[in-house]
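Visitor: I have a structure to look at and some questions about it. Could you take me through them in order?

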Amino acid sequence: MTSNHDNASSKSKVSSPKVKMSNLAKREERLAFRLLLPALLIIAIIAFYPLAQVFYTSFTDRVFASGQETNFIGFDNYQQLLSVHITTLDPVIDEATGEIMIDPETGQKVYERPLDVLPREPSRYREFNQFSLFGNRYVVGATDPSFIQSVSNTITFTVVSVFLELVLGLAIALVVNSKFRFRGSMRAAMLVPWAVITVVSARMWEWMLAPSRIGMFNALFDWMGVIDSPIAFLASGTYQLPAMIAVDVWKTTPFMALLLLAGLQIMPEDIFEAAEIDGAGKIRQFITITLPLLKPAIVVALIFRTLDALRVFDIFQVMLGQSQYSMASYNYFQLIGNRNMGLASAIGVIIFILIFLFAISYIKMLGVDQE
Amino acid sequence: MKKSSGTFGVLKRFGFNFMIIFILVYLLFPFYWAVNSSLKTESQLFMTPATAIPRDPATLEFSPTMQNYSAVLRDGQFLRGLANSSIVATSTTVLALIAGSFAAFALGKLRFRGRRPALYLILAMTMFPQVTVLTGLYAVITALGLSARVSMIFAYMIFTLPFTTWVLTSFFKELPDALMESAQVDGATTFQTFKSILLPLTAPALVTTGLLAFIAAWNEYLFALTFTSIDPTARTVPVAIAYFAGAVARQEPFGEIMAAASLVTVPLVVLVLIFQRRIVTGLTAGAVKG
């Protein structure tokens, strides 16, 4: 761009190149603002107030749907949600023998009760979990263990499902991008999982995962002889998260695949032709050409998938109810069940911050958006 | 795929076809199960073990029922829901694509101060969970006095606009600058260049983001449930399905829900079939050479 204008201005001696550039830059800037205007207007009208309200409410004790007076309480909601305390659990000494007490049934050392050692101020800490390190026993306490659990559930869910979706989505996009006979129908079929209404798809999977042979999976596994008795996929702690991940991967892989496919589609074919002539193999072409060119599409797809995964609500709410929370379903429980709007807003802000961190780290890690 | 010959070629084609079949089964089987369930009566649904096709409980012969479908179609709610969903999802998509592609062109191709903050501001509007923004959003909509359908269209901007903007920005950025410059040398204004050269080039991206945004709007439940609470005639399909009352009062009408889900998915697939031509052709390859 620069060279063109330098040429043009050197011919016309009146205007110096600098002035001409800045004029052009100004025009470009004005056009940019005008183009951004519709989007910014929509944000201003529809999003500004609700988002500002969430931030504000998170510092209050507002009660949902009530005339009760609202007080400003600073960071109390955040403290309530995020306070974590780790402390050692000492073995219990048998007073009669002066030795460490051993559980006669399990043969394990007996430790103090977590509730006795965890702090009670400013509010009571309850046990989140325990672990052993270098022969010592530790307990992790939190003022809101359900929330800490929901954070860990949500992050595990997000990392595993987004990773699987990326791998599967990329594979599907590559397959569909090659030319074969039923490509058109394949592209349409590919979108079916994404097209099934989310709430209904949660119901559908709930039915398929039913804890008896009414459910497709138990009937199938039983028929294959893999299991002796039906598995309660949605009730047992071992299977709850894997089941959620499986459902989400099935439902949203098409989203990932289609976005990556569009990225593959706008790649100029001549690069591949040139690589072919140079004798680069398919795998080399993929690593040295396809992946780097696809990076921007991958980043955007990752950001939006992660954003949705961190806010996952429907499937947890419908399939697990209150037996296991995601951050958003815990948020819903606090707002609708406990009517604790201040606390619910604080959860919203924490989710917001988490999403922001993920988005920034994708952009930084994959080195996109460098001017 | 190039036609390769010999044993290796056959093997390769076989492997490729196997992969396609595997992908199709993985993606379609749960939907097949929904269709299968929709063709079963209440008692067939509760048969153990579950059957892969609707069978008569006594004779185990193939015996599908259409009762769920006729119940769904007789329900005026559902058909009105289809109309509402079409209006809301189409308007949302068009609005999100127009505002989004304008913004994306500015963000992806023009130089101006505040580019990065604008990009993140747009993304930030979608980073809160829906439940959290619901009360504030409801207040805005009541204050503006919007009807239920219009409220949904505007509310859905919260998740569709950042999506279209970000995806299209990344695609605009990929287009070579030389393209814009040569058009400008030819005397086209920046906006003309955008409209008649860059926009057609990103057609595959436009169609893709449009489809994904359309489906996201089509499937949205929580906002729709809240905003249509005062106007039941504006209920969209997901809400209409949630309001299905079973023939047996205490039982949720699972068969009917599955029938409705199957009926709703079909038009979407047809839509994709129509638009996928645009994704395939993608006028790009030749023109980008510059």
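Visitor: Which residues of helix 1 of chain B are buried?

Guide: This is a predicted model, and the answers rest on it. A residue counts as buried if 20 or more other C-beta atoms lie within 10 Å of its own. In helix 1 of chain B, the residues that pass are B:Ile23, B:Leu27, B:Phe31, B:Ala34, B:Asn36, B:Ser37 and B:Ser38.

Visitor: Where does helix 1 of chain B bend?

Guide: The helix has 33 residues and reaches 46 Å from its first C-alpha to its last, close to the expected 48 Å. It does bend by about 45°, and the proline B:Pro30 follows within four residues of the bend. The bend is at B:Leu28.

Visitor: Which element gives the largest share of the side of domain 1 of chain B that touches domain 2 of chain B?

Guide: Chain B is divided into domain 1 (8–65) and domain 2 (72–285). Nine residues of domain 1 are in contact with seven residues of domain 2. Helix 1 (6–38) and helix 2 (42–45) of chain B each supply at least two residues of the domain 1 side. The largest share, five residues, comes from helix 1 of chain B.

Visitor: By class, what residues make up that side of domain 1 of chain B?

Guide: The C-alpha centres of domain 1 and domain 2 of chain B lie 32 Å apart, and nine residues of domain 1 take part in the contact between them. By class, that side of domain 1 has four nonpolar, three polar and two charged residues.

Visitor: What is the radius of gyration of chain B?

Guide: Chain B has 14 helices and zero strands. Its C-alpha trace spans about 80 × 70 × 30 Å along the principal axes. A compact globule of 290 residues would have a radius of gyration near 19 Å, but chain B has 24 Å.

Visitor: How much of chain B counts as buried?

Guide: Of the contacts in chain B with a separation of 6 or more, residues 24 or more positions apart account for 76%. The buried share is taken over the 290 residues of chain B, and it is 47%.

Visitor: Why is chain A described as more spread out than a compact globule?

Guide: Chain A comes to 15 helices and three strands. For its 371 residues the globule rule gives 21 Å, and chain A is well over that, so it is more spread out than a compact globule. The C-alpha atoms of chain A fill a box of roughly 105 × 60 × 45 Å. The radius of gyration of chain A is 28 Å.

Visitor: Which helix of chain A gives the most to the side that touches chain B?

Guide: The contact takes 83 residues from chain A and 88 residues from chain B. On the chain A side, the residues divide into 62 nonpolar, 11 polar and 10 charged. The element that gives the most, with 18 residues, is helix 2 (residues 17–57) of chain A.

Visitor: How many of the 11 residues of helix 8 of chain A are buried?

Guide: Over chain A, buried residues make up 41% of the 371 residues. In helix 8 (residues 198–208), the buried residues include A:Arg203 and A:Trp205. The helix is largely enclosed by the rest of the structure, because its buried residues number nine of the 11.

Notes. Residues are numbered from 1 along each chain as its sequence is written. Chains are lettered from A and ligands numbered from 1 in the order in which they are written. This is a predicted model: local features need pLDDT of at least 70, side-chain atom pairs count only at pLDDT 80 or more; totals for chains, interfaces and linings use all residues. The radius of gyration is taken over C-alpha atoms; the globule rule is 2.2 Å times the number of residues to the power 0.38. A residue is buried if 20 or more other C-beta atoms lie within 10 Å of its own, exposed if 12 or fewer, and partly exposed in between; C-beta atoms are placed from the backbone. Two residues are in contact if their C-beta atoms, placed from the backbone, lie within 7 Å. Domain bounds come from an automatic or database domain assignment. Ala, Val, Leu, Ile, Met, Phe, Trp, Tyr, Cys and Pro count as nonpolar, Asp, Glu, Lys and Arg as charged, and the others, Gly among them, as polar. The expected span of a helix is 1.5 Å times one less than its number of residues. The bend at a residue is the angle between axes fitted to the seven residues ending there and the seven starting there.
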